[in-house]
Amino acid sequence: MEVYKEQFIEFMVESDVLKFGDFTLKSGRKSPFFMNAGAYVTGEQLMKLGQFYAKAIYSKYGTDFDVLFGPAYKGIPLSVSTAIAFHELYGKEVRYCSNRKEVKDHGDKGILLGSKIKDGERVVIIEDVTTSGKSIEETYPIIQEQGEVEVTGLMVSLNRMERGKTEQSALDEIREVYGIQTGAIVTMQEVVEYLYNKPCHGKVVIDDEMKARIDQYYEEYGVK
């Protein structure tokens, strides 16, 4: 596993973003783990988060894109911090863009926040986590409406590796429906392998009992 992936796993635990216990997801599923990207709130956390995203995007897509698109609302700080980090790490100027929930009819009018997207440009969509693909259903048409635009791919922080609407994972469904590449900074499999019975910031978050619960969860909801 790449070093930045190991560092990101520890970063999620340290930031109290990735938690283990008893959680009810929006889907109604009872999950032994939960990721809340809204817990990244400090300047240092956002700086590091942008760097992790930048490294994963560079590893997956290189520098061959022009715009980072972060769907409102959580995607806004993600796209901003990652655009800054991408410039710092790789010397490439990429612009950030997001959508508004409501079209603004005065001043900076329109549905977009940040940079405009032009014909011929390549866009990488950036999100925290994708479980159903609903966000892409809403934002993909908005991007396409801007002109002859190529969506290079989608990058999320954590691939939960569970079924979406079909027997496939949500990321696989997105790749099949929209024909775009998808990636994640880490997968849940990598998280479990790295944290199992290993102290992380002074505690073991995945012991034998939690590992068994996670395995049981994937028996029921995991991708076959």
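I began with the surface: the protein chain has an accessible area of about 11000 Å², and carbon and sulfur atoms make up 48% of that. I remind myself that this is a predicted model.

Next I looked at the secondary structure, and I find seven helices and eight strands in the protein chain. For the extents, I get a C-alpha trace spanning about 55 × 35 × 30 Å along the principal axes.

I then checked burial, and 49% of the 224 residues count as buried. Among contacts with a separation of 6 or more, I see that 71% join residues 24 or more positions apart.

Charges came next. I have 28 positive and 36 negative ones, and their mean positions lie 3 Å apart.

Which residues of helix H5 are buried? I list Ala170, Leu171, Glu173 and Ile174, in a helix that runs over residues 170–178. Looking down the axis of H5, I find these buried residues within an arc of 155°, so they line one face of the helix. A reminder to myself: an α-helix has 3.6 residues a turn, so residues three or four places apart point the same way.

What covers the buried residues of H5? My list includes helix H4 (134–144), strand E7 (150–159) and strand E8 (181–187).

Last entry: after H5 I come to Gly179, with a positive phi near 70°.

Conventions:
Residues numbered from 1 in each chain as written. Predicted model: local features only at pLDDT ≥ 70, side-chain atom pairs only at ≥ 80, totals over all residues. Heavy atoms only, no water. Helix = DSSP H or I, 4+ residues; strand = E, 2+ residues; numbered from the N terminus. Buried < 20%, exposed > 50% of the residue type's maximum accessible area, 1.4 Å probe, protein only. Contact = heavy atoms within 4.5 Å. Areas by Shrake-Rupley, 256 points an atom, 1.4 Å probe, with all protein chains shown as cover. Lys, Arg positive; Asp, Glu negative; His and termini not counted. Charge placed at Lys NZ, Arg CZ, Asp CG, Glu CD. Arc of directions from axis to C-beta.
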